[in-house]
Amino acid sequence: MSLLYEVKNLKFSYQLEDVEFEALKNINLSISQGDMVTFAGPSGSGKSTLLNLMGLMEVPSPQMIFYNQKCLGTLDEREKNIIRRFDIGFIFQSFHLFPVLTTWENIEFFLIRQGVEESKRKELIEESMEIVGISDLKDKRPTQLSGGQRQRVAIARAFAKRPKVIIADEPTASLDQKNGEAVMDHLFGINKKFGTTIIIASHDPMVLKHSPKTVSLKDGSVYEGNV
Ligand SMILES: Nc1ncnc2c1ncn2[C@@H]1O[C@H](COP(=O)(O)OP(=O)(O)O)[C@@H](O)[C@H]1O
Ligand SMILES: [Mg+2]
């Protein structure tokens, strides 16, 4: 399988008033197209920081993260936006759905921004809703849905644009065991059926049990032992 991400000696610091806090210390890893990988580790170990850098929510320093052989730290704004818009779908712990939009409209939102034409949008939205079993919820707004249903809408939204990568930050942390397992089943199914690369951050033992690959972090470094 071809290499999708290569992370080389990655360091990242947050600037706090007059002190620097080093959240990632020296991370080396690679992820191939079609992998499903979970970053494990306790709260504060740097999981979200790493996902945010890989998903271009934060911009890494030059020469530290390569995506499709492109160095994320040196891309111009236009190239970064193309990757964000077309290649990466995000899923968050607290769903981040647009409260005023229906399920259908939430899923459609990023497709419109991508310039996908209407009949293609309809096809992509219908297929995405079907995959996570929410076709009957298409006219509901988030407040009319349970947590498990909201996260399934968020998965459908992330997947609708057929991204190369889905990045999921603690996707089960707001859910009970049964709904958490359903989220993992859907992500696993998307990975298998479409070859979408899935990168998860989680400290939920159920997620780790269902993850084909795990990379453990501790205090901003990759940790070889059990976390
Ligand atoms: N915006 C920020 N400003 C300053 N420090 C931060 C910020 N975000 C995270 N941190 C710190 O960086 C470390 C790693 O955080 P994070 O990546 O959120 O870890 P995790 O997702 O594993 O809980 C923590 O010590 C956290 O307090
Ligand atoms: Mg986190």
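Me: Is Lys178 buried, partly exposed or exposed?
Reply: This is a predicted model, in which local features need pLDDT of at least 70 and side-chain atom pairs count only at pLDDT 80 or more, while totals for chains, interfaces and linings use all residues. Residues are numbered from 1 along each chain as its sequence is written, chains are lettered from A and ligands numbered from 1 in the order in which they are written, and side-chain values use heavy atoms, with hydrogens and water left out. A residue is called buried under 20% relative accessible area, exposed over 50% and partly exposed in between, using a 1.4 Å probe and protein chains only. Lys178 has a relative accessible area of 66%, so Lys178 is exposed.

Me: Why can helix α1 be described as largely enclosed by the rest of the structure?
Reply: Helix α1 covers residues 47-54, and the residues in it that are buried are Lys47, Thr49, Leu50, Leu51, Asn52, Leu53 and Met54. Helix α1 is largely enclosed because the buried residues are 7 of its 8.

Me: What is the relative accessible area of Leu53, and what distance separates its C-alpha atom from that of Gly73?
Reply: Leu53 lies in helix α1, and Leu53 is buried, its relative accessible area being 0%. Leu53 and Gly73 are 20 residues apart along the chain, and their C-alpha atoms are separated by 9.6 Å.

Me: How are the planes of Tyr5 and Tyr67 arranged in their aromatic pair?
Reply: Rings of Phe, Tyr and Trp (its six-membered ring) pair if their centres lie within 6.5 Å, and planes under 30 degrees apart count as stacked, over 60 as edge-to-face and the rest as tilted. By this rule there are 7 aromatic pairs. In the pair of Tyr5 and Tyr67, the distance is 5.1 Å centre to centre and the angle between the planes is 55°, and the pair is tilted.

Me: Which strands does this pair link, and are Tyr5 and Tyr67 buried or exposed?
Reply: The pair links distant parts of the chain, 62 residues apart, with Tyr5 in strand β1 (residues 3-16) and Tyr67 in strand β4 (residues 65-67). As for their accessibility, Tyr5 and Tyr67 are both buried.

Me: Why is the pair of Phe98 and Phe109 called tilted, and which residues form a cluster with these rings?
Reply: The ring centres of Phe98 and Phe109 are 4.5 Å apart and their planes lie at 45°, so the pair is tilted. Phe98 is in the loop between β6 and α3 and Phe109 is in helix α3, so the pair ties together parts 11 residues apart in sequence. Phe98 is partly exposed at 27% relative accessible area, and Phe109 is partly exposed at 29%. Ring pairs link into a cluster Phe98, Phe109 and Phe110.

Me: Over the face of which ring does Arg162 lie?
Reply: A charge sits over a ring if NZ of Lys or CZ of Arg is within 6 Å of the ring centre and within 35 degrees of the ring normal. Arg162, in the loop between α5 and β7 (165-169), has a positive phi near 50°. At 5.6 Å from the ring centre, Arg162 lies over the face of Phe194.

Me: Which backbone nitrogen does the side chain of Ser202 reach?
Reply: Ser202 lies in the loop between β8 (197-201) and α7 (205-210), and Ser202 is buried with a relative accessible area of 0%. At a distance of 2.9 Å, its side chain reaches the backbone nitrogen of Asp204.

Conventions: Helices (H or I, at least four residues) and strands (E, at least two) are DSSP runs, numbered from the N terminus. A polar contact is a pair of N or O atoms within 3.5 Å; within protein, one must be able to donate a hydrogen and the other to accept it, and residues adjacent in sequence count only if both atoms are side-chain atoms.
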